[in-house]
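Dear colleague,

I am passing on a structure that you have not seen before, and I would be glad if you could look it over. The notes that follow set out what was found in it.

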Amino acid sequence: MIEFKNVSKIYGDGTKAVDDVSFTINEGEFVVLIGTSGSGKTTTMRMINRMIDSTSGEILIDGKNIKDENAVELRRRIGYVIQQTGLMPHMTVYENIVMVPKLLKWDKDKMRETAERLLKRVDMGNEFLDRYPQELSGGQQQRIGVIRALAANQDIILMDEPFGALDPITRDALQELVKHLQEEMGRTVVFVTHDMDEALKLADKIAIMSEGKVIQYDTPDNILAAPANEFVESFLGEDRLQQRSTMQTVDQVMVKTPITVTSDMTLAESIRVMRDRRVDTLFVTDMHHVLQGVVDFEGINKNRKKAETVSEIMSHVYYVKSGTLLSSVADKMLKRGYKNIPVVNEAGKLEGLVTRASLVDIVYDTIWGDDEEVESIPLETTQYQESE
Amino acid sequence: MLNIEGLDELTQMNTFQQLIYYVQENGAYLWEQFTRHFLISIYGVLFAAIVAIPIGFYIARHSKLADWVVGAANVIQTIPSLAMLSILMLGFGIGVNTVIITVFLYSLLPIVKNTYAGVKNVDNALMDAAKGMGMTRWQQTYKVELPMAISVIMAGLRNALVVAIGVTAIGTFIGAGGLGDIIQRGVNASQGGAIILAGAIPTALMAVAADLVLAWLEKKLDPSSRVRK
């Protein structure tokens, strides 16, 4: 838990970068500090690991004032990700990942194991360990930047506009990755950005800052539902405020009974299921209905002679958790061309399926659903007009 | 008339043959002066490096001092080497030590300047990351700043060494020895062209070789050239 108590930062020339800020970040929360440049968001974040010392007030981590602690040791306990990645060009990817563990003098095997495990978590193979950062793409570099901040099991991760320099598609993928990692590992993240979409997507709580003050500190839903003042409203923008009325989650539109097979089913049986239910893809689950993967007609057809059961040929499937906003799922379907996206609950159990057809329904609903005129126009009139 | 055996023969030779003859006859002496010359230059540069590299790091962090320090080193650099040698000779007497001190003084500027530039040019984001991850000031210096700046520092050493080899050649005037002695001997002898060459060519070769070796090292140490082994 991180507590800010009346914290201010006043520079020598009298500028107040942070002005009497108080708020609490609970353990395991993803908190986004957002504001225009000069709002004090970065200063606020950098005070947590004492890259900047506060002028007055106190910051407590788990009840202890951070000023009573050695700054160097404090920083080693807190992960730190910056926009320019800050990867050392003279060190290999491996040396970069284990930088903090090395400072803490971990033994070699443990460092190697940690580096390999984390690299796998961000879908990168061990062959990257011996490469140098400049051989990687921007997205890969920032993946390394992120896992470097996790390598010493830091409970708190500070991120300063980490994805600002990436292209939209890479940024999207990394945002998801970070959110996933954070939820899985239960780390507390303090994330600075000026991108409202990013904040709404990632945050458990958003702190909107302006001129060194926290204007509103609440969950994204609450902020959208009740902006504290005009500044927050203008910061959110008209579009997002209107969207709130149509803020539906996937649960409301998903098909509740997607066609599934269990992983031990044979290919012949699955083809029969496909034919009976008239679908071309089947979701594979285990006995407890936990989603394992997906098989499609083409895949079965190709491997008919080689494989026995569906578990051998099923491929990974992109899924979302129940409660995800529909807008973000729609975005993904359109951008990445998924035909459908399964929805799972916390335990990974398959709950339903969002299909392109469900999106089309929504579009019709939003455009014509409330429009009574359309519904009230009798068919004859339309025909009459056409014939004229 | 002196009647030295082989003198007739010697006067018949052209300059190149004389040079070969001189090298054959005085190979050991030549080698001794060569190493002496080299060591004087190296010692001067090395001592300068020991002093100048820390100064470079220091002024990179205290930018206000930088102008003063670089300015002072610049003044030293503008003094002609012969004048400098003579002035120092008044204080330190004749001999090898005075030449080493002269080389030391001339080496300060290129090394300080390059160290300053190298450290100053280390990306701020790297230093921010290094500090933010919990490196101590000293760890930031030797784990990040030094490796990032080392190739620029090497370029400074390279400049310094090439200048040093030239300055050492003049050291003969205050009795320090080195290849300058051989050149001086040739200048004083009538028809000493071959002897001058016997001193001058190794001096030039030494400077070129030092330049090449350090240039290679500089490139090798450049962190931006790092790719997979």
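I begin with a sheet in chain A, an open one in which three strands follow the order β14-β15-β16 with mixed pairing; strands here are DSSP runs (E, at least two residues) and helices likewise (H or I, at least four residues), numbered from the N terminus, and two strands count as paired if DSSP finds at least two bridges between them. Because β14 (320-321) and β16 (350-355) of chain A each have a single partner strand, they stand at the edges, and one side of each is left without a neighbour in the sheet. The pairing of β14(A) with strand β15 (residues 340-344) of chain A is parallel and runs over two bridges, with A:Lys321 opposite A:Val344 in β15(A).

Please keep in mind that this is a predicted model, in which local features need pLDDT of at least 70 and side-chain atom pairs count only at pLDDT 80 or more, while totals for chains, interfaces and linings use all residues. Residues are numbered from 1 along each chain as its sequence is written, chains are lettered from A and ligands numbered from 1 in the order in which they are written, and side-chain values use heavy atoms, with hydrogens and water left out.

Chain A also holds an open sheet of six strands, in the order β6-β7-β8-β3-β9-β10 and again with mixed pairing; its edge strands are β6 (78-82) and β10 (213-218), each of which pairs on one side only. Within it, strand β3 (residues 30-35) and strand β9 (residues 205-210) of chain A are parallel partners over five bridges, and A:Gly35 stands opposite A:Met209 in β9(A).

Five residues lie between the two strands, and A:His289 in the turn has a positive phi of about 70°, while A:Thr281 has A:Asp296 as its bridge partner in β13(A).

As for the two chains together, the contact (heavy atoms within 4.5 Å) takes 22 residues from chain B and 25 residues from chain A. Between them they bury about 2,200 Å², 63% of it on carbon and sulfur atoms, where buried area is the accessible area (1.4 Å probe) lost on putting two parts together, summed over both. One salt bridge is found across this interface, by the rule of a side-chain nitrogen of Lys or Arg within 4 Å of a carboxyl oxygen of Asp or Glu; the side chains of A:Arg46 and B:Asp128 meet in a salt bridge at 3.0 Å, N to O.

With kind regards
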